[in-house]
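Please read the following alongside the sequence and the coordinates. The text goes through surface, rings, charges and backbone in turn.

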Amino acid sequence: MVNGSALMSHRVIIDSRHHMLGRLASIVAKELLSGQRVVVVRCEEIALSGGLVRQKMKYLRFLRKRMNTKPSHGPIHFRAPSKIFWRTVRGMIPHKTKRGAAALARLKVYEGVPPPYDRLKRMVVPDALKVLRLQKGHKYCLLGRLSKEVGWNHYDTIKELEEKRKEKSKVSYERRKQLARLRAKAVKIVEEKLGSQLDVLAPVKY
């Protein structure tokens with residue numbers, strides 16, 4: 001993560017694929033409160049410890065919690081993975097104060113990787129990665145799969161859009177690799193042609 005007051009204006013883009021929900025939320029909340037702007041993409045790939053059936057039962061119990069006289073007053077039960085993650089972060093921030101509200105406004109969350117973030121550098125948070133934090137063999141489930149089970153209707157749409165994005169980025173990556181190879185080849189040819197002249201220029205560090 002980016003630290004230092006001089007760099008706080010920069011935006012950090014986190015690819016949340018296979019990060020643990022609570023650990024990632026706590027790290028993001030701390031960064032937001034320190035003034036950092038954070039964008040979290042691929043929220044449907046966030047991991048929760050515990051199997052899908054267990055997590056679904058927990059969420060269905062949460063859905064039954066409501067205000068009897070006027071349910072629209074809350075609590076509001078989000079189904080989309082991005083909103084579930086946003087609500088988790090909100091619970092770790094004093095969002096009813098001006099400082100907390102300003103911190104929460106610095107957070108953006110998305111399913112998939114929408115433009116322009118598909119062309120920008122994305123980071124991971126090692127302290128929250130499933131492969132480093134979850135015991136080997138421990139059950140887990142993905143937030144997108146849980147959301148689909150409890151009423152989110154866009155799971156298949158996001159999956160299809162992500163497949164298209166990956167195909168497009170693969171073509172772009174192969175093109176960049178080819179250009180890099182051609183550049184390296186051209187540099188080698190030029191060095192062979194200008195070998196004696198480069199030896200003369202080397203002592204003066206031209």
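**Surface, rings and backbone**

Valine 53 counts as exposed because its relative accessibility is 63%, and the cut-off for exposed is over 50%. This is a predicted model. Valine 53 belongs to helix 2, which covers residues 52–63. Together with Met57 and Leu60, Val53 makes a nonpolar surface patch of about 260 Å².

Helix 2 also holds tyrosine 59 and phenylalanine 62, three residues apart, or about one turn of the helix. Both tyrosine 59 and phenylalanine 62 are buried. A pair of aromatic rings is described by the distance of the centres and the angle of the planes. Searching the whole structure gives four aromatic pairs. One of them is formed by tyrosine 59 and phenylalanine 62, with 5.4 Å centre to centre and 70 degrees between the planes, an edge-to-face arrangement. Tyrosine 110 and tyrosine 117 form an aromatic pair with 5.4 Å centre to centre and 40 degrees between the planes, which is tilted. Tyrosine 110 is partly exposed, with a relative accessible area of 26%, whereas tyrosine 117 is buried, with a value of 6%.

Rings also take part in contacts with charges. The charged end of lysine 83 sits over the ring of tryptophan 86, at 4.4 Å from the ring centre. Likewise, lysine 130 has its charged end over the ring of tyrosine 140, 4.3 Å from the centre of that ring.

The backbone comes next. Most residues other than glycine have a negative phi, and most peptide bonds are trans. Where are the cis bonds described here? One joins glycine 74 and proline 75, with omega about -5 degrees. Proline 75 is placed in the loop between helix 2 and helix 3, the latter spanning 81–90. A cis peptide bond also links proline 115 to proline 116, with omega about 5 degrees. Proline 116 is in the loop that runs between strand 4 (107–109) and helix 5 (130–133).

Positive phi values are the last topic. Histidine 18, a residue other than glycine, has a positive phi near 60 degrees. Histidine 18 sits in the loop between strand 1 (11–15) and helix 1 (21–33), and is partly exposed at a relative accessible area of 21%. Arginine 42 is not a glycine either, yet has a positive phi of about 60 degrees. The loop between strand 2 (37–41) and strand 3 (47–49) contains arginine 42. Is arginine 42 buried or exposed? With a relative accessible area of 11%, arginine 42 is buried, since buried means under 20%.

Note on methods:
Residues are numbered from 1 along each chain as its sequence is written. This is a predicted model: local features need pLDDT of at least 70, side-chain atom pairs count only at pLDDT 80 or more; totals for chains, interfaces and linings use all residues. Side-chain values use heavy atoms; hydrogens and water are left out. Patches are made of residues with over 30% relative accessible area and no salt bridge: like charges are joined within 9 Å, nonpolar side chains (Val, Leu, Ile, Met, Phe, Trp, Tyr) within 5 Å. Accessible areas come from the Shrake-Rupley method with a 1.4 Å probe; for residues, only the protein chains shown count as cover. A salt bridge is a side-chain nitrogen of Lys or Arg within 4 Å of a carboxyl oxygen of Asp or Glu. Helices (H or I, at least four residues) and strands (E, at least two) are DSSP runs, numbered from the N terminus. Buried means under 20% relative accessible area, exposed over 50%, partly exposed in between (1.4 Å probe, protein chains only). Rings of Phe, Tyr and Trp (its six-membered ring) pair if their centres lie within 6.5 Å; planes under 30 degrees apart count as stacked, over 60 as edge-to-face and the rest as tilted. A charge sits over a ring if NZ of Lys or CZ of Arg is within 6 Å of the ring centre and within 35 degrees of the ring normal.
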